[in-house]
Amino acid sequence: SEKIEIAFNPLTEKFEVADAAIRKDKSYISNISQLWSKDTDIFHIVDSYIEGLKSVRELTSDEVKIVKKSITKLNGLLSYPFTALELAANINEEQVSEVFVRINSEGKKLEQADFILTLMSVFWDAGRTELETFCREARMPSTGKPTPFNHFIQPSPDQLLRVSVGVAFKRARLQNVYSILRGKDLETEEFSPEKREEQFAILKKAQERVLNLQYWHDFFKAIKQAGYRSGDWISSENNLLFSYTLYLIGRTEYAIDEFKLREALAKWFFMSSLTARFSSSPESKMEYDLARFRQVKNGDEFIKVLEKICDDVLANDFWTITLPNQLATSSPKSPALFAYNAALNLLDAKVLFSKHKISELADPSVHANRSDFERHHLFPKEYLKSIGVSEVRDTNQIANYAFVEWGDNSAIGKNAPKIYLPSYRQRHSGQDLQKMYHWHALPDNWEELDYQDFLGKRRDLISKIIKEAYSLLNKSPAPAAGGKEVSVAAIIAEGESYNLEFKSSLRVNLHTNQKDPRMEMSCIKTIAGFLNGKGGTLLIGVKDDGETIGIDADGFQNEDKMLLHLTNLIKDKISPQHMMYIHPHFIELDGKRVLSVECNSSKSPVYVKDDNTEKFFIRTGASTSELSASQTQEFIRQKF
C-alpha cells in the first residue's frame with residue numbers, strides 16, 4: 001500500500017528501491033523522475049547528481065568518471081531506436097513462422113531444434129506445451145503421483161524433440177526434418193499445406209510415445225541392466241537419448257519382447273557409452289545408425305542389427321589396444337572410467353576393503369555430507385610427491401583410483417601402499433581378498449611395484465574386467481539339464497583332465513608307507529600348474545583310477561593339522577602371496593574325507609622352489625609339465 005520509488009545508482013549501474021529509510025541515510029538517491037525529462041540537459045543532470053552526492057561523502061576522480069559515464073548511458077535509452085515490423089493482416093501462419101525464425105536467428109544463434117519448436121508453436125502449440133511440461137516435471141522429484149523424474153537425465157524440450165524426430169522419421173539431421181515439417185516434398189521440392197499436416201500427424205504420434213511415462217521409466221531399466229546407476233556415470237546425454245529412440249522403435253514398431261529388448265539395449269548402451277560413439281559429429285553418426293534401421297522388417301532383424309554393430313565395434317583389438325590406451329588419462333569424466341564403474345556393478349563387486357557392494361553404496365537417492373564411498377588414490381598424492389611424482393596428469397590417473405568407503409579414504413591419508421595395505425588385507429580371508437583383487441584390477445604385489453609399471457599393469461587388468469562385465473550382457477548360457485548341479489562323484493567319474501588332478505596322499509608314499517617329500521612336491525607342482533594355467537582342482541585322497549581312499553593314510557592328528565601342513569608347504573615352496581588364489585577345504589565322498597584344493601588362475605607367474613632352484617610348471621592335458629627357461633619366458637610373455 002506504500003509508494004515505492006525506484007532509483008538508478010550510477011556507481012553500481014543498477015536500479016535500487018529507494019524507500020524512506022534509504023532517503024534518510026542516502027539522500028543522494030532521489031526520484032529519478034524529478035531530475036529527468038526528455039528536454040533536460042544531460043550535463044545539468046550529471047552536475048546536480050554529483051553535487052548532491054558530494055554533500056554526503058567524498059568522491060574520487062574515478063568515481064566522478066563512473067557517474068558521468070553511467071548517467072550518459074542511461075540517458076541514451078531516451079533515443080534508443082526500436083524497429084517495428086508490421087505484418088499484413090492477410091499473411092498465413094507459415095509466413096508468420098518464417099518471419100519469426102529469421103528475426104530470432106539475427107540475435108541469439110538458434111539451432112535447428114529451435115526452428116522446429118517455432119513451427120510447433122505456430123502449427124501445434126499444444127505439442128510444444130506438452131514437451132515443456134514433461135521436461136519441467138522431470139526436474140522435480142515425485143511427491144506420489146507418476147512423473148518423468150529420474151536419476152539419469154533432466155531433459156530439455158529440444159533433446160526430447162530429437163527423440164520424437166528419430167522415432168517419427170528415422171532421421172537425426174534436424175535441418176532435413178525442418179523442411180519436412182514445413183510441408184516440403186523431398187522428391188518434387190515443393191511445399192504444400194497438405195503435406196505439412198501429414199508430417200505433423202506423424203510427429204504427433206511419435207511424441208505421444210516419447211512422453212509415455214511407462215515407456216520412459218521402463219527404458220531406464222535397460223540402462224540399469226547395463227550397470228549404470230545414475231547420471232553421474234553417464235558421459236553423453238546424446239547417447240542416452242539415442243538409446244531411448246532405439247528402445248521406442250523396438251518396442252512400439254516391432255513389438256519386441258520387453259525382456260529381449262532390454263537385453264539388447266543394455267548391450268548397445270554399454271558399447272556406445274564405452275566407445276563414446278556420439279561424442280563428436282553426433283548428428284552424422286546418429287543418421288548413419290538410423291539409416292541401418294530403415295530397412296528393418298521385424299524384431300529379429302532389429303536385434304541382429306544392434307548386435308552386429310556392437311560386435312563390429314568391440315573387436316579383439318579394442319580390448320587389448322584401444323581401451324588400455326583410453327584408460328591412460330586423468331579425466332574424471334572418461335567414458336572408459338564410467339564403463340569400469342558399471343562393470344563393477346554388473347560383477348556384483350564389493351567396495352575395496354569393504355563388505356558392502358558397490359551397487360548398495362552407489363544409490364543415487366541417498367545424499368549425505370560425504371558420499372558413502374569415494375575414489376581413493378591407491379598411491380596417495382602426498383606419497384607420490386615424496387618420490388618425485390607431482391603432476392596432476394600423473395597422480396590422478398584413472399589407474400590410480402579405486403572405490404573405498406570414505407572413512408577408509410580418510411584413514412589411509414598419505415601413507416604409502418606397503419604401509420597401509422597389510423592392515424586392510426587382514427580384514428578378509430584369502431578367497432575374499434582374491435576376489436577383491438580381481439574386481440579392482442590389482443596386480444600381485446602391486447604395493448611394491450614402480451608407480452608407472454603399476455599403472456600399465458592395472459590398465460590392462462581394468463580392460464579385462466570391463467570385457468568380463470560386457471560378456472555378461474550377452475545372452476546367458478542355458479542351464480544344465482534339469483537345473484541340477486553336477487556332483488563331485490560325476491566329475492571324478494570323467495577322470496583327470498586339464499583342470500582336475502587326483503593324488504592318493506599329501507605326504508605318505510603308499511608303497512613304502514613312509515613320509516616322502518616327493519609326494520609333497522608332486523602336489524605343489526600340480527597346484528603351481530593350475531595357478532599358471534586357467535585354474536583347477538586337486539583332490540587329495542583319490543587314486544589315479546578315481547577310487548576314493550580318503551586322507552587317513554597321511555596320518556595327521558586332525559584335519560586342521562593337515563590344512564596347516566599344506567599351507568606351510570605352499571608358503572615355503574611357492575609364496576605366501578599366492579595363497580589368495582588357493583582354497584583348500586574338506587569334502588565327504590563315498591563315506592570318506594577328501595581334501596579338495598581349488599585353485600584360481602594367478603595374475604602373475606608362479607615358480608616352485610625345488611633343490612635351491614626355481615622351476616616353472618604348467619598343465620598339459622591331464623598332467624603337469626616343467627618348462628625350460630626359454631619356454632617359460634615365451635609362456636609368460638603370452639599369458640601375463
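Glu-501 stands opposite Leu-538 in S8, and four bridges join strand S5 (residues 500-503) to strand S8 (residues 536-540), the two running parallel; strands pair if DSSP finds at least two bridges between them, and strands (E, at least two residues) and helices (H or I, at least four) are DSSP runs numbered from the N terminus. This is a predicted model, in which local features need pLDDT of at least 70 and side-chain atom pairs count only at pLDDT 80 or more, while totals for chains, interfaces and linings use all residues. Residues are numbered from 1 along each chain as its sequence is written, and side-chain values use heavy atoms, with hydrogens and water left out.

Both faces of S5 are covered, as the table shows; buried means under 20% relative accessible area (1.4 Å probe, protein chains only).

| Side of S5 | Buried residues |
|---|---|
| One side | Leu-500, Phe-502 |

Ser-334 lies in the loop between helix H16 (316-326) and H17, and Ser-334 counts as buried because its relative accessibility is 6%. A polar atom of the Ser-334 side chain lies 3.2 Å from the backbone nitrogen of Ala-336. Not counting residues up to four places away in sequence, Ser-334 touches Gln-326, Thr-329 and Ile-398, where contact means heavy atoms within 4.5 Å.

Ile-398 is also one of the residues lining the largest cavity, together with others including Leu-337, Tyr-340 and Arg-375. The elements that give two or more residues to this lining are helix H17 (335-346) and strand S4 (401-405), and H17 gives the most, with four residues.

Technical notes. 1 Å grid on protein atoms, 1.4 Å probe; cavity = no way out; pocket = protein on both sides within 12 Å on 5 of 7 lines; lining within 4 Å. Buried < 20%, exposed > 50% of the residue type's maximum accessible area, 1.4 Å probe, protein only. Polar contact = N/O pair within 3.5 Å; in protein donor to acceptor, adjacent residues only side chain to side chain.
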